[in-house]
Amino acid sequence: MNNEKTNVMRIIEQHKGNYVPHYYDAATALSGAEVAAQLHQDPNHVFKTLVTLGRSRRHYVFMLPVNDELDLKKAAVAVGEKAVDMLPQKELLPLTGYIHGGCSPIGMKKFFQTVVHASAANFATIIFSAGKIGTQVEMSVDELRKVIPFTLADIIA
């Protein structure tokens with residue numbers, strides 16, 4: 001495990017945000033549920049970051065617990081679109097600068113409107129990707145708001 005600081009961590013620090021880094025063995029944790037298990041965390045507390053494309057051709061970012069599925073209809077409503085579709089995996093790196101499994105809502109090549117599942121407000125902190133497979137950050141929703149603007153909504157199936 002490599003405990004180096006990621007760009008996400010540097011960006012959080014630039015915004016005077018507080019976070020706790022978490023590291024896991026990327027070779028054995030291939031899913032969000034496996035990451036949560038390695039970190040000894042409730043999977044409802046560990047969030048994944050998904051990128052979508054709306055009918056308007058605008059991109060959107062959604063954060064939700066790792067074991068949940070994004071409801072595309074609810075997601076579209078949350079961002080005021082007629083419909084949104086998942087971004088094809090091959091488009092993720094060129095668009096965001098992140099690879100599948102290491103996508104963070106912080107530090108993408110450009111900022112996209114972001115929606116976090118409403119359950120995040122129920123936790124003192126949430127854990128999500130630090131922009132590199134094997135590394136996660138834990139922070140409160142209030143601390144996250146110091147770094148990126150987002151809304152809370154029910155976006156899961």
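**Close-up 1**
(For a salt bridge, a side-chain nitrogen of Lys or Arg has to sit within 4 Å of a carboxyl oxygen of Asp or Glu.) Lys 146 counts as partly exposed, at 42% relative accessibility. Helices (H or I, at least four residues) and strands (E, at least two) are DSSP runs, numbered from the N terminus.

A quick note on what you're looking at: this is a predicted model, where local features need pLDDT of at least 70 and side-chain atom pairs count only at pLDDT 80 or more, while totals for chains, interfaces and linings use all residues. Residues are numbered from 1 along each chain as its sequence is written, and side-chain values use heavy atoms, with hydrogens and water left out.

**Close-up 1. Lys 132 and Glu 4 link distant parts of the chain.**
The structure holds five salt bridges, and here's another one: the side chains of Lys 132 and Glu 4 meet at 3.1 Å, N to O. Lys 132 belongs to strand β6 (residues 126-132), while Glu 4 is in the segment before α1 (7-14), so to speak 128 residues away. Lys 132 is partly exposed, at 31% relative accessible area, and Glu 4 is partly exposed too, at 39%.

**Close-up 2. Lys 5 pairs up with Glu 13.**
Side chains of opposite charge can pair when their charged atoms come close. In the salt bridge between Lys 5 and Glu 13, the closest N and O atoms are 3.0 Å apart. How accessible is Lys 5? Lys 5 counts as partly exposed, at 38% relative accessibility, and Glu 13 gets that label at 34%.

Five bridges join β6 to strand β7 (residues 135-139), and Ile 127 has Glu 138 as its bridge partner in β7. (Contact means heavy atoms within 4.5 Å; axes are lines fitted to C-alpha atoms, for helices over the stretch in contact, and angles run from 0 to 180 degrees between N-to-C directions.)

**Close-up 3. An open sheet of five strands with mixed pairing.**
Which order do the strands take here? It's β4-β2-β3-β5-β8. β4 (84-86) and β8 (151-153) stand at the edges with a single partner strand each, so one side of each has no neighbour in the sheet. Zoom in on β2 (residues 47-54) and β3 (residues 59-65): they run antiparallel, joined by seven bridges. Thr 49, for instance, has Met 63 in β3 as its bridge partner. Helix α3 (residues 72-79) lies across β3, β4, β5 (113-117) and β8, at about 125° to β4.

Technical notes. Buried < 20%, exposed > 50% of the residue type's maximum accessible area, 1.4 Å probe, protein only. Pairing = 2+ DSSP bridges.
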